[in-house]
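Here is a set of exercises to work through with the model open beside you. Try each task before reading its solution.

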Amino acid sequence: MKYLLFYIISLLSLTACIREDLPAGSFALEKGDLLPEFSISNPDGTVSNKDLENKFALIIFFSTTCSDCREAFPDISTLYNMYKDNPSVRILLIARNETEEQVAAYFREHQYDMKFFADPDRNVYSLFADSTIPRVFLADKSGTIILTQTEKVDAEEIMKITT
C-alpha cells in the first residue's frame with residue numbers, strides 16, 4: 001500500500017510540470033510582446049536581453065523532472081546543435097526550479113551536450129510566464145516575440161522561421 005501511494009504521488013508530480021493550477025489572470029508573454037529585461041549566469045558567463053539584440057533569440061524553459069520536457073529533449077538538442085554556432089541566432093536553455101548540479105547530472109546521464117542556465121528560484125522564468133513548461137519563446141532581431149510554444153517544442157516550426 002505504501003508503494004502504491006508513492007507511485008500515485010510520483011505520477012501526479014510528473015504531470016504537474018505540464019499544467020499547474022492556473023490562477024485567474026495567469027501570466028505569459030505572447031506574440032508581439034517585447035522580451036523583458038533579464039540577466040542570467042552560468043559558469044561560461046552572463047547573458048542579458050542586451051546580448052540578444054540584432055539576433056533571433058530562442059529561449060526554452062524546461063525541467064528535467066517534467067515528462068513533457070523529457071520528451072522534448074531530442075528536439076531541444078536538435079535546435080541547440082543547429083544554432084549553437086550560428087551568429088544570427090542565440091539559443092538559451094533555462095532550467096526552471098532546478099540547480100545547475102541537478103541538470104548537469106541529468107544531461108550527463110542522458111548524454112546531452114548542451115549548455116544551459118539554471119533558474120532555481122524562477123527569477124527569470126517569472127518575467128516570461130507563471131506556469132507551464134516546456135515553454136518556448138522566439139524573438140526577432142528587434143526583441144519582439146514572434147512565436148511561443150507551450151507544452152511542446154516544435155523544432156520544425158522554429159526552423160522554418162529562423163532559416
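**Before you start**

This is a predicted model, in which local features need pLDDT of at least 70 and side-chain atom pairs count only at pLDDT 80 or more, while totals for chains, interfaces and linings use all residues. Residues are numbered from 1 along each chain as its sequence is written, and side-chain values use heavy atoms, with hydrogens and water left out.

**Exercise 1. The whole chain**

Task: List the elements of the chain in order from the N terminus.

Solution: 
- Start with the definition: helices (H or I, at least four residues) and strands (E, at least two) are DSSP runs, numbered from the N terminus.
- Count them, and you find 5 helices and 7 strands in the chain.
- Read from the N terminus, the order is α-β-β-β-α-β-α-β-α-β-β-α.
- Now turn to burial, where buried means under 20% relative accessible area, exposed over 50% and partly exposed in between (1.4 Å probe, protein chains only). Of the 163 residues of the chain, 44% count as buried.
- Last, look at contacts, meaning heavy atoms within 4.5 Å. Among those between residues at least 6 apart in sequence, 67% join residues at least 24 apart.

**Exercise 2. A pair of helices**

Task: Describe how H2 and H5 pack.

Solution: 
- Two packed helices are described by the angle between their axes and the distance between the axes.
- Here the axes are lines fitted to C-alpha atoms, for helices over the stretch in contact, and angles run from 0 to 180 degrees between N-to-C directions.
- For helix H2 (residues 67-83) and helix H5 (residues 155-162), the angle is about 20° and the axes are 10 Å apart.
- H2 is therefore roughly parallel to H5, as angles under 35 degrees count as roughly parallel, over 145 as roughly antiparallel, 65 to 115 as roughly perpendicular and the rest as oblique.
- On the H2 side, the residues in contact are Asp75, Leu79, Met82 and Tyr83, and these meet Ala155, Ile158, Met159 and Thr162 in H5.
- Sort the residues of this contact by class, and you get 6 nonpolar, 1 polar and 1 charged. Ala, Val, Leu, Ile, Met, Phe, Trp, Tyr, Cys and Pro count as nonpolar, Asp, Glu, Lys and Arg as charged, and the others, Gly among them, as polar.

**Exercise 3. The largest pocket**

Task: Work out which element gives the most to the lining of the largest pocket.

Solution: 
- A pocket, on a 1 Å grid over the protein atoms alone, is an open set of points where a 1.4 Å probe fits, with protein on both sides within 12 Å along at least five of seven lines; lining residues have an atom within 4 Å of a point.
- The volume is about 300 Å³, taken as the space filled by probe spheres set on the points, which are joined across faces, edges and corners.
- The lining has 20 residues, with Tyr80, Lys84, Arg90, Ile91 and Lys115 nearest the centre.
- E2, H2 and strand E4 (89-96) each supply at least two lining residues, and E4 gives the most, with 5 residues.
- By class, the lining has 10 nonpolar, 4 polar and 6 charged residues.

**Exercise 4. Backbone exceptions**

Task: Find where the backbone is cis at a proline, and which residue other than glycine has phi near 60°.

Solution: 
- Most residues other than glycine have a negative phi, and most peptide bonds are trans.
- The peptide bond from Ile133 to Pro134 is cis, with omega near -5°. Pro134 sits in the loop between helix H4 (125-128) and strand E6 (135-139).
- Thr132, in the loop between H4 and E6, has a positive phi of about 80°. Thr132 is buried, at 2% relative accessibility.
- The residue with phi near 60° is Arg122, in the loop between strand E5 (117-119) and H4. Arg122 counts as partly exposed because its relative accessibility is 23%.
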